[in-house]
Amino acid sequence: MTASKLNILPVPTFSRLGVNYVSRDTEGFETSRSTSDITEDRTVTFYADDSSLPVGEVTLNVGKGVKLKLVQVFDRSAPYVSKLNVTLDESAELELVQLYIGGSDTVSEIVTELAGARSKVSTVIGCALDGDNKLDINLIARHRGRKSESVIDVSSVLKGQSVKTFKGTIDFINGSSGAKGSEHEDALLLDNRVRNRTVPVILCEEENVEGSHGATIGRLDERHIFYLRSRGTSEEKIYELMSRSKLMKAVGRIGDEAVKARVYKALGWGDTDE
Amino acid sequence: MKQKTQVEDIDRSFYDFRYDEDAQDFFDSGITPDIIRGISEEKNDPDWMREFRLRSLEIYSRMPMVKWGASIEGLDVDNIVAYIRPKSRMNTDWDSVPDNIKETFERLGIPQAERESLAGVGAQYDSELVYHNVRKEVAQSGVVYTDLESAMHDERYAGIIKDHFMKLVPPSDHKFAALHGAVWSGGSFVYVPKNVHLEVPLQSYFRLNAKGAGQFEHTLIILEENSSLHFIEGCSAPKYYEAGLHAGCVELYVGEGASLRYSTIENWSKNMYNLNTKRAIVQKNGRIEWVSGSFGSHVSYLYPMSILNGEGASAEFTGITFAGEGQDLDTGAKIVHNAPNTSSYMNTKSISKSGGKSTFRSAVTVSEKAAGSKSSVNCESLMLDNISRSDTVPVIDVRTDKCDIGHEAKIGRISDEAIFYLTSRGLSEEDARAMIVRGFADNVSKELPLEYAVEMNNLIGLEMHGSVG
C-alpha cells in the first residue's frame with residue numbers, strides 16, 4: 001500500500017492540526033480523466049454516484065471571453081477522489097456549483113488558475129453530511145491576471161459524527177494588480193459529535209489587490225429560533241428549514257431539472273415542485 | 001502620473017549600541033551534553049533540573065526541524081553560544097550593576113520607567129538577570145517577583161517551580177522547546193496570591209548584547225484565585241552579521257477568577273531568530289489578555305497560546321506585526337476552548353514593506369467539552385509595496401454544535417479614496433498616509449500603557465517623505 005498526499009495546503013501550517021494534506025491510497029484505483037478546451041459558452045453538469053469510477057480528474061481550459069457554468073454533484077457513498085483544474089483565459093468566466101451529499105470519504109481538489117486579465121470565477125459549494133460522512137475540500141483560486149476576480153461561497157450542514165474540512169486559498173500572484181478575491185463559509189452544526197475544520201487562506205505578493213474572507217460556524221442563532229417558534233414553527237421544522245436554506249444557495253443554481261430532482265430526492269426533500 | 005509615498009523602515013538605531021564582552025565568559029558554541037552539564041554546574045542546579053536539561057537535550061537531538069513556517073536555514077545552532085557567564089551577581093540596586101550594563105538599561109529607559117510607572121523590574125543581560133527589584137508595598141502584599149533561579153533554590157518556592165516548570169510547554173512540544181529545556185537561563189518568576197490585585201505593572205526586559213549568542217530566558221507566572229496582574233516584557237539586541245537566537249519560554253497559570261495581561265514589545269535586531277514559545281492556561285472565569293507588538297528579528301515564530309480550561313474562561317489577543325526589509329515574521333495566536341461557555345477574541349494587524357514578509361497564522365480549537373463557547377477572529381493586513389508579501393493562514397477546528405465562531409480577514413493597500421478624502425481636507429499625501437498607517441496600528445497602541453505606546457510609535461517610526469515611481 002502506498003499512500004499519496006492529496007489536497008495539499010499551499011502554505012503548510014501547524015502540523016498537529018492535521019490540515020496540511022490528506023493521505024489516501026489511490027494506487028490501482030480506476031480513474032476517469034477528461035481534458036477539454038471550452039471555446040464557446042456552455043453549461044456542463046456532472047453527477048457522480050456509486051456507479052462512477054473512484055477517481056475523477058477533469059481539466060478544463062476556458063478560452064478568451066468564454067463563459068462556462070459547471071455543476072458537479074457528488075452523491076456517492078463509497079470513497080471518492082475528485083480533481084478539478086480550470087484555467088481561465090482573458091475575460092473568461094467560470095461559474096462553479098458543487099454539491100456534496102454524504103460520502104464515506106470524499107476528497108476534492110479544485111484549482112482555478114485565473115490566468116487571463118479580467119477572468120472571473122464564482123464558486124458556490126453546498127455540503128450535506130450526516131452519520132460517518134467524511135469530506136475534505138481543497139480549493140485554490142490563483143490570481144495571475146490583472147483585475148481577475150474570485151468569489152467563493154461555501155455552506156454546510158453537518159449532522160451525526162460527520163467530519164468536514166474546507167481549505168480555501170486565494171492566492172494573489174505578483175502581477176495580478178487590481179485583482180479581488182473574497183471567500184465566505186457558513187457551517188451549520190447540528191450535532192455535538194460533528195467536526196468542522198475551516199482553513200481560509202489568503203496569500204498575497206501583490207500590493208494592489210483586495211482580499212477578504214469570513215466564516216461563521218456553529219449553531220442556529222437563538223433569536224431566529226425564538227422568532228420562528230413564536231410563529232408556531234416546531235424546533236424540528238426550524239432546523240429543517242434552516243438547513244434547506246443553507247443548501248439552497250447551491251441547489252438553486254442547478255439548472256437541469258432532472259438533476260435537480262435527483263438532488264432533491266438524495267437530500268430527502270421530496271419533489272422539486274413541492 | 002500617480003505617485004507613491006515611501007514609508008520608511010523602522011529606525012532601530014536607538015537600540016543598536018553594544019559593548020565588548022570578555023571571551024573567557026563565553027561557553028563553547030553548540031549544544032552538547034558537556035555544555036549542558038557545564039551550564040547546570042554553573043547554576044548549581046538541583047538534581048531534577050540537571051536531569052531535566054539532559055533529557056530535553058535528548059529530545060532536541062532526535063526531533064526534526066519544523067516543516068512549516070518561515071525559513072530558518074540561516075540558523076546554525078552549532079554556532080550559537082548558549083551561555084555567557086555574568087559579570088556580576090543579580091542586584092537589587094542599580095548602583096551595584098556594572099557600569100556598561102547599567103548604561104545599557106539606562107539608554108533603554110528601564111530605571112526611569114521603574115521609578116515612574118512600574119511595581120517591579122527585572123533586567124536580563126545576555127544569559128542572566130543582572131537586576132531584579134519589586135516595590136516594598138508590592139512585596140508586602142505577598143507578591144513574589146524574582147528571578148526563576150533564585151526561586152528554584154528557595155525552599156518556599158522550589159516545589160512550586162518543580163510542579164510548574166515546562167509543564168505547559170513540555171520539551172516534547174517542538175524542537176526549540178526541547179532546546180529551551182536544555183539550555184534555559186534567566187527569566188522571571190511571579191507569584192500573585194489570592195485576592196491580590198496589582199494596579200501597577202511589572203516589567204522584565206531582556207537584552208542580548210553578545211555576538212553569535214542565544215538567549216533562553218524562562219518566565220513563569222502564577223496567579224492565584226481572584227488576583228490580577230499586568231506584566232510587560234521588552235526585548236532588544238544590537239545588530240551583528242552573525243545570527244543570534246532567542247528561544248525563550250513563557251508559562252502562565254491563571255487561576256479561578258484571576259486576570260492577567262501580558263504585553264510584549266519585541267524589537268530584536270535583524271540578525272536574530274526569534275523562536276519563542278508562550279502559553280497560558282486559564283481556569284474558571286479567569287482571563288488572559290495578550291498584547292503583542294512584533295517589530296524586530298530576521299525570522300520570528302511567535303504564537304502565544306491560551307488554553308481555556310475552566311468554565312467561563314476568556315482570552316483576548318491583540319497583535320501587530322511590522323515586517324520590513326529582510327524580515328520574515330510568522331506570528332499569530334492559538335486558542336483552545338476546552339470548557340463550557342469560554343470566549344475568545346483575536347484582533348491582529350500586519351504591515352509588510354520593502355520586501356518584508358508577514359504571515360498571520362492562527363488556530364482556534366473548540367473541543368466537544370466547550371458547549372456554549374464563542375470566538376471571534378479578526379485579522380487585517382496592509383501591503384505597502386509590490387515587493388513584499390503578506391499571508392494569512394488561520395485554522396478553525398470545531399467539535400461541538402453548541403458554539404458561535406466567527407472569522408474575518410482582509411488584505412489590501414491604502415485606498416486611493418481615503419488618500420483623496422484626506423488630501424481634499426488639506427492634508428499632504430505624506431501626512432494622509434502616515435495618519436492611515438498610524439490608525440491601522442491603533443488597536444495595539446491603545447492597549448498599551450502610555451509610555452509603551454510612545455515606544456511603539458517610536459518603533460514604527462513611520463516617517464513619510466519623498467516619492468517613488
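1. Two strands are taken to pair if DSSP finds at least two bridges between them, and strands (E, at least two residues) and helices (H or I, at least four) are DSSP runs, numbered from the N terminus. The model is predicted, so that local features need pLDDT of at least 70 and side-chain atom pairs count only at pLDDT 80 or more, while totals for chains, interfaces and linings use all residues. Residues are numbered from 1 along each chain as its sequence is written, and chains are lettered from A and ligands numbered from 1 in the order in which they are written.

2. Between the chains, β16(A) and strand β24 (residues 403–412) of chain B run antiparallel and are joined by 8 bridges. Within this pairing, K410(B) of β24(B) is the residue that stands opposite S212(A).

3. The interface as a whole brings 38 residues of chain A into contact with 33 residues of chain B, where contact requires that C-beta atoms, placed from the backbone, lie within 7 Å. On the side of chain A that touches chain B, β15 (195–204) and β16 (210–218) each supply at least two residues, and the largest share, 10 residues, comes from β15(A). By class, that side of chain A has 17 nonpolar, 13 polar and 8 charged residues, with Ala, Val, Leu, Ile, Met, Phe, Trp, Tyr, Cys and Pro counted as nonpolar, Asp, Glu, Lys and Arg as charged, and the others, Gly among them, as polar.

4. Within chain A, strand β3 (residues 31–38) and strand β5 (residues 55–62) pair in the parallel sense over 8 bridges, and β5(A) also pairs in the parallel sense, over 8 bridges, with strand β7 (residues 80–88).

5. Chain B has 12 helices and 25 strands, and 57% of its 469 residues count as buried; a residue is buried if 20 or more other C-beta atoms lie within 10 Å of its own, exposed if 12 or fewer, and partly exposed in between. Of the contacts in chain B between residues at least 6 apart in sequence, 83% join residues at least 24 apart.

6. Helix α8 (residues 175–183) of chain B is mostly covered, with 9 of its 9 residues buried. These buried residues pack against α1 (33–43), α2 (47–62), β11 (249–254), β13 (272–275) and β14 (277–282) of chain B.

7. In helix α3 (residues 99–107) of chain B, the buried residues are I101(B), K102(B), T104(B) and F105(B). They lie on the same side of α3(B) because they cover an arc of only 155° around the axis, the arc being that of the directions from the helix axis to the C-beta atoms. D99(B) and R107(B), on the other side of α3(B), are exposed, and just after the helix G109(B) takes a positive phi of about 80°.

8. Leaving aside neighbours within four places in sequence, L260(B) is in contact with residues including I221(B), F231(B), V254(B) and I288(B).

9. N347(B), in strand β20 (residues 343–352) of chain B, is partly exposed because 19 other C-beta atoms lie within 10 Å. Not counting residues up to four places away in sequence, N347(B) touches T318(B), N378(B) and N443(B).

Notes:
Contact = placed C-beta atoms within 7 Å.
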